[in-house]
Amino acid sequence: SLITTPFHPSALLRDPSLTMPPVRFVVSATAPLGRDLAIEAERRFSAPLLEIYGCTELGSIAGRRPSVSEEWAWFDGVSGSQQGDRTLISAHHVPDVISGADLIQSCADGRFILRGRQSDLVNVAGKRTSLGYLERQALRVEGILDIVFLQHPCSQNGVERLGAIVTTSSRLSVSAIRALLGEALDPVFVPRTILIADRIPRDRI
C-alpha cells in the first residue's frame with residue numbers, strides 16, 4: 001500500500017513516462033484530493049485510492065473514495081452536523097462533543113461534503129463559502145491546471161474582493177477563464193481580478 005498526501009501524487013503523476021510500482025491500495029490524507037487526480041492515480045497505480053479525514057482531537061473519523069463520490073462517510077461511532085458557524089462532532093471514543101475546524105454540508109443519508117476551513121471562510125453578497133472549496137470546484141474546469149483564490153482590498157473603498165491566480169493548459173484569455181468559472185461556481189464567487197501565471201509554486205509554501 002502507499003500512504004500519501006494530495007501534493008505528492010500531483011507532483012509524481014506529472015511525468016507520464018514514470019512506471020508506478022504495484023500496490024493494493026493508495027491512502028491519502030491531510031487535505032481533500034480532487035476527483036480527476038484521484039482517477040488518474042488509480043489508473044496509474046492500478047489500485048483504488050481511499051481518503052481519510054480526521055483532526056487532532058479525534059484522529060481519523062471519516063473516509064471516502066474520491067474517484068467515486070465527493071461525499072464522506074463517518075466511521076462507525078462518529079457523527080457530525082453543521083450548526084451555524086460551528087461543526088459539532090461526536091465520537092464514542094471521546095467524552096465531549098468537539099467543535100471542528102471545517103465547514104460541512106450534511107447529506108440525506110448521513111454522509112457529508114467538506115466545504116473548507118473555518119479560517120478560509122468568505123462572505124460575498126450574503127453567501128458564504130471557503131477559498132479552498134472554490135479552488136476544488138474550479139480545478140474541475142477543463143483547461144485550468146491550478147488556481148489560487150485570494151481576497152484583496154479594492155483600491156477605491158478598501159472592501160475586500162475575490163481574486164484568483166490561474167495556470168492553464170491552453171491559451172485561455174481572462175474573459176474565457178471568467179466565463180468558465182461562471183459555469184462552475186455560483187456567479188457571486190467568480191473573481192473580479194484574474195491573473196494568469198506560468199506556474200503556482202505550491203511546493204514553496
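This chat looks at cysteines and salt bridges in a predicted model.

User: How many disulfides does the structure hold?

Analyst: The structure holds zero disulfides. A disulfide is a covalent bond between the sulfur atoms of two cysteines, and in this model the sulfur of Cys55 lies 19 Å from the closest cysteine sulfur, in Cys107, which is too far for a bond.

User: And is Cys107 buried or exposed?

Analyst: Cys107 counts as buried because its relative accessibility is 18%, under the 20% cut-off, whereas Cys55, at 25%, counts as partly exposed.

User: OK, new topic, how many salt bridges are there?

Analyst: The structure holds seven salt bridges, and one of them joins the side chains of Glu40 and Arg43, with N and O 2.8 Å apart.

User: Where do Glu40 and Arg43 sit in the chain?

Analyst: Both belong to helix α2, which covers residues 35-45, and because they are three residues apart there, about one helical turn separates them.

User: What does Arg64 pair with?

Analyst: Arg64 forms a salt bridge with Glu51, and their closest N and O atoms are 2.8 Å apart. This pair links distant parts of the chain, since Arg64 is in strand β4 (residues 59-64) and Glu51 is in strand β3 (residues 49-55), 13 residues apart. Arg64 and Glu51 are both buried.

User: Which residue does Asp109 form a salt bridge with?

Analyst: Asp109 forms one with Arg111, where the closest N and O atoms are 3.4 Å apart; Asp109 is exposed, with a relative accessible area of 53%, and Arg111 is partly exposed at 35% relative accessibility.

How values were computed:
Residues are numbered from 1 along each chain as its sequence is written. This is a predicted model: local features need pLDDT of at least 70, side-chain atom pairs count only at pLDDT 80 or more; totals for chains, interfaces and linings use all residues. Side-chain values use heavy atoms; hydrogens and water are left out. A disulfide is a pair of cysteine sulfur atoms within 2.5 Å. Buried means under 20% relative accessible area, exposed over 50%, partly exposed in between (1.4 Å probe, protein chains only). A salt bridge is a side-chain nitrogen of Lys or Arg within 4 Å of a carboxyl oxygen of Asp or Glu. Helices (H or I, at least four residues) and strands (E, at least two) are DSSP runs, numbered from the N terminus.
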